[in-house]
Each structure stands twice: as C-alpha cells, then as structure tokens.
Amino acid sequence: MSIVSVRYFAAASDAAGREQEELVLDANATLGTLRTELLRRYGDPMARVLRSGSFLVDGIARCDAAHPLGRQVDVLPPFAGG
C-alpha cells in the first residue's frame with residue numbers, strides 16, 4: 001500500500017467537497033486506479049470534472065491511465081481561455 005496526496009482545484013474541489021486528502025492505494029496503483037476511486041467516492045459531480053479535466057502527477061501533466069502514481073496528484077478542472 002502507498003499513500004497518495006490528492007489536491008483538488010476549483011470544480012474538482014467542489015465535486016470532492018474538500019481541497020486535499022490522503023488516499024491509501026495499492027503500491028502499484030496507476031492514474032486509472034485513482035480515476036476509478038475518485039468516481040466511486042464522488043460520483044457524477046467528479047465524472048463531469050474528469051471528463052475534460054486533467055491530472056498533474058508530481059507536478060507533471062499526465063493523461064495515460066497506465067501511468068504510475070507519484071506522491072502527489074493534482075486534479076484540475078478544464079480551463080477556459082481565449
């Protein structure tokens with residue numbers, strides 16, 4: 001098992017009802033594992049964020065579900081720009 005610090009920003013924070021938490025996951029957990037866990041915990045509100053949001057794993061943007069988790073993952077909502 002490993003402990004992963006997950007930080008939530010903007011709409012992701014609203015969906016989770018918190019700004020940060022520590023999750024205990026399997027030592028071989030991947031970004032896909034985390035995504036599944038977040039959907040299980042927070043349901044449709046988090047699904048809407050994850051549909052077009054992104055992840056930073058130890059400060060680096062990652063989108064591959066097979067990518068191993070680091071010590072910290074940031075869950076970012078989609079950003080508007082122009």
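What joins the side chains of Glu 37 and Arg 40? A polar contact of 2.6 Å does; such a contact is a pair of N or O atoms within 3.5 Å, where within protein one must be able to donate a hydrogen and the other to accept it, and residues adjacent in sequence count only if both atoms are side-chain atoms.

## Basis of the model

This is a predicted model, in which local features need pLDDT of at least 70 and side-chain atom pairs count only at pLDDT 80 or more, while totals for chains, interfaces and linings use all residues. Residues are numbered from 1 along each chain as its sequence is written, and side-chain values use heavy atoms, with hydrogens and water left out.

## Nonpolar core

The largest nonpolar core holds 21 residues. A core of this kind is a set of buried Ala, Val, Leu, Ile, Met, Phe, Trp, Tyr and Cys residues joined through side-chain atoms within 4.5 Å; buried means under 20% relative accessible area, exposed over 50%, and partly exposed in between (1.4 Å probe, protein chains only). Tyr 8, Leu 34, Leu 38, Met 46 and Val 75 have the most contacts inside the core. At least two core residues come from each of β1 (2–8), α1 (11–16), β2, α2 (31–52), β3 (54–57) and β5 (72–76). Helix α2 gives the most, with seven residues. Helices (H or I, at least four residues) and strands (E, at least two) are DSSP runs numbered from the N terminus.

Leu 38 is in contact (heavy atoms within 4.5 Å) with Tyr 8, Leu 23, Gly 43, Met 46, Leu 50, Phe 55 and Val 75, leaving aside its neighbours within four places in sequence.

## Salt bridges

There are five salt bridges, each a side-chain nitrogen of Lys or Arg within 4 Å of a carboxyl oxygen of Asp or Glu. One of them pairs Arg 7 with Asp 74, with the closest N and O atoms 2.7 Å apart. Arg 7 lies in strand β1 and Asp 74 in strand β5, so this pair ties together parts that are 67 residues apart in sequence. Arg 7 is partly exposed at 28% relative accessible area, whereas Asp 74 is buried at 5%.

Arg 40 and Glu 37 also form a salt bridge, the closest N and O atoms being 2.6 Å apart. Both residues lie in helix α2, three residues apart, about one turn of the helix. Arg 40 is exposed at 59% relative accessibility, and Glu 37 is buried at 15%. Salt bridges that share partners join Arg 18, Glu 21, Glu 37, Arg 40 and Arg 41 into one network. Within that group, Arg 18 pairs with Glu 21 at 3.9 Å between the closest N and O atoms. Arg 18 is partly exposed at 37%, while Glu 21 is buried at 9%.

## Surroundings of Ser 13

Ser 13 sits in helix α1 and is buried, at 13% relative accessibility. Apart from neighbours within four places in sequence, Ser 13 is in contact with Tyr 8, Arg 18 and Glu 19. The C-alpha atoms of Ser 13 and Pro 77 are 9.0 Å apart, although 64 residues separate the two along the chain.

## Surface patch

Met 1, Ile 3 and Val 24 form a nonpolar patch on the surface, with about 380 Å² of accessible area together. Patches are made of residues with over 30% relative accessible area and no salt bridge, with like charges joined within 9 Å and nonpolar side chains (Val, Leu, Ile, Met, Phe, Trp, Tyr) within 5 Å. Accessible areas come from the Shrake-Rupley method with a 1.4 Å probe; for residues, only the protein chains shown count as cover. Val 24 belongs to strand β2 (residues 20–25) and is exposed, with a relative accessible area of 56%.
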